[in-house]
Amino acid sequence: MAGTMKALVKSRREAGLWMEEVPIPEPGINDVLIRVLKTGICGTDLHIYHWDAWAQQTIPVPLVVGHEFVGRVERVGSNVAGFRPGDLVSGEGHLVCGRCRNCMAGRRHLCPHTQGVGVNRPGAFADYLCIPMTNVWGADPHIPLDILACFDPLGNAVHTALSFDVLGEDVLITGAGPIGLMATAVVRHAGARYVVVTDPNPWRLDLARRLGATRTLDPRHGALAEVQNALRMKEGFDVGLEMSGSEAALEDLLANMCHGGRVALLGIPERATPVNWNLIIFNGLTIKGIYGREMYETWYKMTVMIQGGLDISPVITHRFPADAYAEAFAVARSGQAAKVVLTWSEG
Ligand code: NAD
Ligand code: ZN
């Protein structure tokens, strides 16, 4: 399929993204060419847009960016089984090597050779995306397209939230960004007793309550100890999910866990941060780092939880046509937004 397509490209080593005409990717024998319908804007895309230190070190220029998407199969390589033109699909943005110990053992989310769609190789903010068949997830067409466009970050939320048993437990989530908000709904759905969410952004705390938070806290105006008292909690939080990347939030979270508490860390701090290890040692905390999603158990779980009534739709606060990307990116970084979805084709 020769020809060109519209794509959002990081084409200059400076802040910004540019809508350009680029060649439609040509699928190899194991690849699936996908007509993109909708995409989500992720914090990673904002870093690339702003061309911060991480982006400058990581992104090859020029690059089509974006990795959260839903689309329809346009064409498949000659070796592809299980997908046909017209199928509704989303996809895993981490390409793994397939040969390392973890990959061979089925722990593909722990592959040390991960390549990122829209980070290390051409991405989804385009009319067409080409990825290996092993990265394609057949979507349930009964799930709304906007929600399917968010499966990648929902996967981060689900993988983190389900890392530990939350049934009947008290859960603390620090950070009410799109992922913290989705995790709020997930732990509620999974049977947590109390879900306490912290964020210095009142607009996002309001959303957290809509997604099922028992209590929310602006850490500038109160302490988690007071929230625990108000809820008559005696032991501390059973499960902690760090979803802000903030050093202060991590410190606060560790100090408010019960003895034997379990902590999953998703938020990415900007720099190496000091940690009070004594809290972890004397309180017997378990700490788990999270990267990405499990391939493909997380994809399965998020599908069946949505089929079973999990509702993350309030997290999608804004929708724009792809051509209005400049406005969409401005809204996404405004703080008065959570997930922003771009439409590429009504297909
Ligand atoms: P986001 O930046 O939109 O949300 C972070 C939230 O944390 C913001 O609402 C911010 O106001 C809040 N915050 C800042 N300081 C805080 C504090 N002291 N206490 C509580 N909240 C505070 O990000 P997101 O898209 O929801 O992602 C959440 C985090 O996860 C980010 O750090 C992101 O880089 C990271 N992330 C990690 C992975 C992974 O695989 N490990 C994948 C995606 C995102
Ligand atoms: Zn591997």
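## Ligand shell and salt bridges

Arginine 75 and glutamate 26 pair up in a salt bridge, with their closest N and O atoms 3.4 Å apart. That pair ties together distant parts of the chain: arginine 75 sits in strand E5 (residues 68-76), while glutamate 26 sits in the loop between strand E2 (18-23) and strand E3 (31-41), 49 residues away. Keep in mind that this is a predicted model. In total, the structure holds 13 salt bridges, and there's a ligand to look at too, with 22 residues around ligand 1.

- How exposed are the two partners? Arginine 75 is partly exposed, at 27% relative accessible area.
- Glutamate 26 comes out as exposed, at 52%, and it gets that label because the cut-off for exposed is over 50%.

**Other salt bridges**

- Aspartate 218 and arginine 220 also form a salt bridge, and here the closest N and O atoms are 2.6 Å apart.
- Arginine 12 and glutamate 14 meet through their side chains in another salt bridge, at 3.7 Å from N to O.
- Both of these residues land in the partly exposed class, with arginine 12 at 41% relative accessible area and glutamate 14 at 39%.

**Who lines the ligand**

- The closest of the 22 residues surrounding ligand 1 are Asp199, Arg204, Ser246, Ile290 and Gly292.
- By residue type, the shell around ligand 1 splits into 11 nonpolar, 9 polar and 2 charged residues.

- On the backbone side, an N or O atom of proline 178 lies 3.2 Å from an oxygen atom of ligand 1.
- Next along, isoleucine 179 also puts a backbone N or O atom by an oxygen atom of ligand 1, at 3.1 Å.
- Serine 246 brings in its side chain: a polar atom there lies 3.0 Å from a nitrogen atom of ligand 1.
- How much of the ligand does the protein cover? Taken alone, ligand 1 exposes 860 Å², and the protein buries 77% of that.

Conventions
Residues are numbered from 1 along each chain as its sequence is written. Chains are lettered from A and ligands numbered from 1 in the order in which they are written. This is a predicted model: local features need pLDDT of at least 70, side-chain atom pairs count only at pLDDT 80 or more; totals for chains, interfaces and linings use all residues. Side-chain values use heavy atoms; hydrogens and water are left out. A residue is near a molecule or strand if one of its heavy atoms lies within 4 Å of it. A polar contact is a pair of N or O atoms within 3.5 Å; within protein, one must be able to donate a hydrogen and the other to accept it, and residues adjacent in sequence count only if both atoms are side-chain atoms. Accessible areas come from the Shrake-Rupley method with a 1.4 Å probe; for residues, only the protein chains shown count as cover. Ala, Val, Leu, Ile, Met, Phe, Trp, Tyr, Cys and Pro count as nonpolar, Asp, Glu, Lys and Arg as charged, and the others, Gly among them, as polar. A salt bridge is a side-chain nitrogen of Lys or Arg within 4 Å of a carboxyl oxygen of Asp or Glu. Buried means under 20% relative accessible area, exposed over 50%, partly exposed in between (1.4 Å probe, protein chains only). Helices (H or I, at least four residues) and strands (E, at least two) are DSSP runs, numbered from the N terminus.
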